[in-house]
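I opened the model to look up a few loop residues and some helix packing. My notes follow the structure.

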Amino acid sequence: MIEPRGGEPLDAPKMKEPKIFRPEPGDPGRPRRGLDDETLVQQQSVFRDDLLAGHTILITGAGSGMGKASAYLAARLGANVAICGRDPEKLEGTAALIRESTGREILCQSTNIRDPDAVEALIGSVHDHFGGLDTLVNNAGGQFPQDAIDFSRKGWMAVIDTNLNGTWWMMQEAAKRWQADGKPGHIINIVANVERGMPQAAHTCAARAGVIYLSKTVATEWAPLNIRVNCIGPGVIETEGFRMYPEEALARFHKANPMKMRGNAWDVAEAIAYLASPAARFINGDLMIIDGGQAQWGVIWPAGMPDYFSEDGAA
C-alpha cells in the first residue's frame with residue numbers, strides 16, 4: 001500500500017524534481033486524487049441497506065481517502081459510526097457528508113494514535129457514546145517515498161510510531177475493554193502487501209509487516225476472548241494521498257498489476273463492510289489482498305523507477 005492515510009504529518013523530505021507527467025484532464029490514464037463527495041455518494045454497494053444495523057464501528061484516519069469512504073459506507077449500511085484523525089476540519093467534512101446523505105449522526109474525535117493515553121480516552125468515548133464497540137478499523141497511517149539509505153532517524157521513527165505503534169495502541173486498548181466487558185470484538189487493520197518488499201518505502205514495509213504478523217499472533221491469543229483480528233492489504237488505490245508522489249511515478253503505478261488499473265477507496269470500503277458483517281464470522285487471522293494481482297506481477301517505485309530497473313513489469 002502506498003497511500004498516506006489519515007492525514008498524519010510525517011515531515012516527509014523534499015523529493016528531487018521529477019520528470020513532468022501532465023496528461024490532459026480528460027485522459028483516462030491520468031491518476032485521480034480520490035473520490036469527491038458527489039462521486040462517493042453515487043457509488044453502488046452490493047450489500048443490503050441494513051447489513052450493519054445496530055453495529056458500532058470505529059474507523060481511524062477517516063478524514064479522507066479509504067477511511068472516509070469506509071465511514072460513509074458503514075453509515076449507509078446502518079452502523080453506528082465513530083471516526084478519529086488528526087485534522088478536525090477533515091473529520092467534520094466526513095461527518096457532514098454522512099449527516100447530509102444518510103441522516104445519521106456520528107461521533108468525531110480528534111486523536112493522535114501515537115499517544116496511548118489519547119487512544120484510551122478515544123475507546124472510552126466510543127463505549128460511553130454508543131454503549132459498546134463491535135469493530136475497530138485501523139486505517140490511520142502514513143509514509144513518504146524515499147530510498148532507505150537516505151531515511152533520517154526522525155523520518156524512520158515517525159512512520160514506525162504511527163503505522164506500527166499507533167496501530168498497536170488501538171488494538172490493545174480495544175481488546176482490553178472487550179475483555180473487561182466480556183464482549184466479543186473484531187479488528188480490521190489496513191496494511192499493505194509486503195511479501196515481496198516495498199522499494200522506496202522500507203519504513204512502512206517494516207511497520208506493515210509488523211502489524212500483519214502481530215495480527216496473526218493475537219488472532220490466536222485473543223480467540224478465547226471471542227476477538228477476531230484480520231488485515232486488508234490494498235495495492236494502488238487512488239486517494240488524496242497520491243499528492244505525496246511524483247507525477248512520473250503516478251503515471252506508472254497501474255502498470256504494476258496485470259489488470260493495469262488503479263483501485264479506488266470504494267473497493268476497500270466494500271471489503272471492510274464484508275469483514276465487519278456476519279458473513280465473515282469464521283474469518284480470523286487473515287490478510288485480504290486488494291491489488292489487482294500486483295503481488296504476482298510488478299513492483300512499485302513510489303519515488304520514480306531508477307534507470308537500472310527500467311523494464312516492463314515494474315512501476
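**Entry 1: His55**

I listed the contacts of His55, leaving aside neighbours within four places in sequence, and found Ala79, Asn80, Asp134, Thr135 and Ala276; contact means heavy atoms within 4.5 Å. I note that this is a predicted model, where local features need pLDDT of at least 70, side-chain atom pairs count only at pLDDT 80 or more, and totals for chains, interfaces and linings use all residues. Residues are numbered from 1 along each chain as its sequence is written, and side-chain values use heavy atoms, with hydrogens and water left out.

I placed His55 in the loop between α1 (37-41) and β1 (56-60). Helices (H or I, at least four residues) and strands (E, at least two) are DSSP runs, numbered from the N terminus. His55 has a relative accessible area of 16%, so I logged His55 as buried. The cut-offs are under 20% relative accessible area for buried and over 50% for exposed, with partly exposed in between (1.4 Å probe, protein chains only).

**Entry 2: whole protein**

I counted eight helices and nine strands in the protein. Of its 315 residues, 53% are buried. I then took the contacts with a separation of 6 or more: residues 24 or more positions apart account for 79% of them. The protein exposes about 14,000 Å², and carbon and sulfur atoms supply 49% of that area. The areas come from the Shrake-Rupley method with a 1.4 Å probe; for residues, only the protein chains shown count as cover.

**Entry 3: α2 against α8**

How do the axes of α2 and α8 cross? I found that the axes of α2 (residues 65-76) and α8 (residues 265-276) come within 8 Å and cross at roughly 50°. That angle makes α2 oblique to α8. Axes are lines fitted to C-alpha atoms, for helices over the stretch in contact, and angles run from 0 to 180 degrees between N-to-C directions. Angles under 35 degrees count as roughly parallel, over 145 as roughly antiparallel, 65 to 115 as roughly perpendicular and the rest as oblique.

From α2, I listed Gly65, Met66, Ala69, Ser70, Tyr72, Leu73 and Arg76; they meet Ala265, Trp266, Val268, Ala269, Glu270, Ile272 and Ala273 in α8. By class, this contact has 10 nonpolar, two polar and two charged residues. Ala, Val, Leu, Ile, Met, Phe, Trp, Tyr, Cys and Pro count as nonpolar, Asp, Glu, Lys and Arg as charged, and the others, Gly among them, as polar.

**Entry 4: α2 against α3**

On the α2 side I listed Lys68, Ala71, Tyr72, Ala75 and Arg76, which meet Thr94, Leu97, Ile98, Ser101 and Thr102 in α3. I sorted the residues of this contact into five nonpolar, three polar and two charged.

Is Glu195 buried or exposed? I logged Glu195 as exposed because its relative accessible area is 69%. Glu195 lies in the loop between β5 (185-190) and α6 (202-221). From Glu195 to Cys205 I have 10 residues in sequence and 9.2 Å in space, C-alpha to C-alpha.

Asn226 is in the loop between α6 and β6 (227-234). Its phi is near 65°, a positive value in a residue other than glycine. Lys260, in the loop between α7 (247-250) and β8 (263-264), has a positive phi near 50° and is a residue other than glycine. I logged Lys260 as exposed, at 53% relative accessibility.
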